[in-house]
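This report goes through selected features of one protein chain, region by region. Please keep the sequence and the 3D view at hand while reading.

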Amino acid sequence: MKLSGRALLAFVAGTSLAFAAYAAPQSNDSIPHAHEEVALKSGPTMIYDQNIAVTLRDGHVVYANVFRPKQPGSYPVIMAQGPYGKDATFQGAYAAGWAQLVKTNPNICAQSSCRFMRWEHTDPERWVGDGYVVIALDVRGAGYSPGYLDLVSAREARDFYDAIEWAAAQPWSNGKVGLLGISYMAINQWQVAALQPPHLAAIIPWEGASDLYREALFHGGIESNVFLQLWFKSQILPNQNGNAATAYKDPGTGRPPTGAALSEELLKANRRNLIDSAHVHPLLDGYNQEINADLGRIRTPLLSAGNLSAAGLHGRGNYEGFVQASSTEKWLFLHTGTHDDSFYSDEGIALQHKFFDHYLKGVDNKWEKTPRVSLVERDPARATWTTRSEESWPLARTRYVNYHLDAQNRSLSTEPPKSEASATFDAGKTAATFDMAFDRTMEFTGRLAAHLWVASSTTDADLFVTLQLFDEKGREVTFLGASDAASPLAQGWLRASRRKLDVQRSKPYQPWHAHDEVQKLTPGEFYPVDVEIWPTSIVVHPGYKLTLRIEGADFQRPPSNPNDKSIGRRGSGVFLHDDPADRPNPEFSGVTTIASGGARDSFLVLPTIPRGE
């Protein structure tokens, strides 16, 4: 029986599930089991149980590590499931990331041994002492959990549903389950919350995409292949169940934390590669719709934590998850910095605790009075940025202002140009840029869009749109971000043949593309296209200059050192688009023309926030 996405949701919501009180460990020599009492730096003793079997509705078993207070009682549960290895240490498996994290948060181990720290999972020692149970699961096909590795799939979301209900039924559980984690462990929060598990009480998706098609697989219809390839090779394959050749080590046994060894042939047959799936499903068809969370079905209280410098992955997802979720109790926290710094900071953990204390423990801590939106005010003129409170997103006082392109003098202005003109760029070689100088302090916070009239010398064209900011001395203002150490102000993408809009969902400041058909171009003919630019926030000052850059390939600054092959400070991080199967020559290496003025008025939509008016 094959179910549609909507039918699947109805099936899951109506399914009656029964779980054993506490599944006994399986007798499998490849799966170690530990039961240990761990003395915490603060608080009572913690019980650590490794590889507890969780039986799913189809009889399959996945494995979980459970951390709980030694003192008998019923406690709220915090969970995460992921493919990166619940038994592969952060320090060993992700040494570079750990070094960066310790540099940013030098006191990270002050209240914890950090022994159980895992990539993008919470540290159980920061929770168990305060009366929580923490559970980390290997998804089916990863780590010690056998099976077919089907990443971010509908079935994986159903598995999570089952695991949540299993946890709620355990004798040490008070029946309330919360979800917490970064990236993958946030993406699947959106997915499973849309399935409405009865005992899911609250979620904190921290930097997690909520629209996998638009935010991870295809940016504006252009395949985001480089990140997916690197991610799959460096982070997924090492922890695939059965990979005996992995460099990861279970700290308890010293052996690979991936279960019984499988042959290379079986390993390959036992997984799905998202790049291969993207080649087969380039449009937003039923396959891709099924993995996208139905955000409107989410009613769980949520705290969505997004990064203001996270173009390419996740950034858009936290905004859209917050806006589209039907939850009446929802909050948006917008931070800056790297992908995980704020999550593990004392301030971040305190915020997480306050939210879960309220929703999982019922503590009257006045959480409900917390402002619905908190954002870091990015002001390049200030040495220290501050966080301010808002009551809505987009901000209620936003004025969307059109800044018209003038191709004759390469400028942006609130006044349309007096004459028609055009600017061209050679895909992969040159860019068309348009500048605007500021004579007063202004703020732009929210969603952005570019409405452009374009023509191509071929039957298609890819548009890579970047907003750059320069200070009064001409120095580019960049940001330490989740994907690049020198992120530009904002980015957007669009394939011209995917320009078709969903007119019911589109807004002047946020075009919503249907991605359900390909509409090729007639060479030399002009077409109106609308490019979604991911949200941003910035304060600019007199003498600053904003540059709109449009080109036919990924934005990348030239390296300061010709011998430097790294891409982490070039602007787009690893979120690049160069798959020849998706962008074949010569179709995507032509000349693109941008028109301005008259009937072909191209303009940039900026979310202007009044200041002192």
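This is a predicted model: local features need pLDDT of at least 70, side-chain atom pairs count only at pLDDT 80 or more; totals for chains, interfaces and linings use all residues.

Which strands pair with β10? One is β7 (residues 200-206), which runs parallel to β10 and is joined to it by 2 bridges. In this pairing, W206 stands opposite A305. The other is β11 (residues 330-335), which pairs with β10 in the parallel sense over 6 bridges. Here the bridge partner of N307 is H335. The path from β10 to β11 includes helix α12 (residues 315-324), and β10, α12 and β11 make a right-handed β-α-β unit.

## K330 in strand β11

Strand β11 also holds K330. Is this lysine buried or exposed? The relative accessibility of K330 is 14%, and the cut-off for buried is under 20%, so K330 counts as buried. K330 and E368 are 38 residues apart along the chain, and their C-alpha atoms are separated by 9.5 Å.

## Aromatic pairs

A pair of aromatic rings is described by the distance of the centres and the angle of the planes. The count for this model comes to 31 aromatic pairs. One of the pairs is formed by Y184 and W231, with ring centres 6.4 Å apart and planes at 25 degrees. Planes under 30 degrees apart count as stacked, so this pair is stacked. The pair links distant parts of the chain: Y184 belongs to helix α6 and W231 to helix α8, 47 residues apart. Y184 counts as buried at 2% relative accessibility, and W231 counts as buried at 6%.

F343 and Y344 form an edge-to-face pair, with 4.9 Å from centre to centre and 90 degrees between the planes. F343 is buried, with a relative accessible area of 1%, and Y344 counts as buried at 4% relative accessibility. Both residues also belong to a cluster linked by ring pairs. The cluster consists of F90, Y94, W98, W119, W206, Y248, F333, F343 and Y344. One of its members, W206, is the residue that stands opposite A305 in β10.

## The largest pocket

Rolling a probe the size of a water molecule over the atoms shows where empty space is left. The largest pocket in this model has a volume of about 1,100 Å³. It is lined by 40 residues, and the closest to its centre are W119, F227, Q235, H339 and A482. Of these, W119 is also a member of the aromatic cluster described above.

Which elements give two or more residues to the lining? They are α3 (95-104), α6, α7 (212-217) and α8 (225-236). Helix α8 gives the most, with 6 residues. By residue type, the lining divides into 24 nonpolar, 12 polar and 4 charged.

## Backbone details

The bond from W393 to P394 is cis, with omega near -5 degrees. P394 is placed in the loop between β13 (386-390) and β14 (399-406). The bond from N585 to P586 is also cis, with omega near 0 degrees. P586 lies in the loop between β23 (545-551) and β24 (591-596).

Positive phi values are the other backbone detail. S183 is not a glycine, yet its phi is positive, at about 60 degrees. S183 lies in the loop between β6 (173-182) and α6 (184-193), and is buried, with a relative accessible area of 7%. H515, again not a glycine, has a positive phi of about 55 degrees. H515 is found in the loop between β21 (490-495) and β22 (527-540). With a relative accessibility of 3%, H515 counts as buried.

Note on methods: Residues are numbered from 1 along each chain as its sequence is written. Side-chain values use heavy atoms; hydrogens and water are left out. Helices (H or I, at least four residues) and strands (E, at least two) are DSSP runs, numbered from the N terminus. Buried means under 20% relative accessible area, exposed over 50%, partly exposed in between (1.4 Å probe, protein chains only). On a 1 Å grid over the protein atoms alone, a cavity is a set of points where a 1.4 Å probe fits but cannot get out, and a pocket is an open set with protein on both sides within 12 Å along at least five of seven lines; lining residues have an atom within 4 Å of a point. Grid points are joined across faces, edges and corners, and a volume is the space filled by probe spheres set on the points. Ala, Val, Leu, Ile, Met, Phe, Trp, Tyr, Cys and Pro count as nonpolar, Asp, Glu, Lys and Arg as charged, and the others, Gly among them, as polar. Two strands pair if DSSP finds at least two bridges between them. A crossover is right-handed if, with the strands pointing away from the viewer, the path from the first strand over the helix to the second runs clockwise. Rings of Phe, Tyr and Trp (its six-membered ring) pair if their centres lie within 6.5 Å; planes under 30 degrees apart count as stacked, over 60 as edge-to-face and the rest as tilted.
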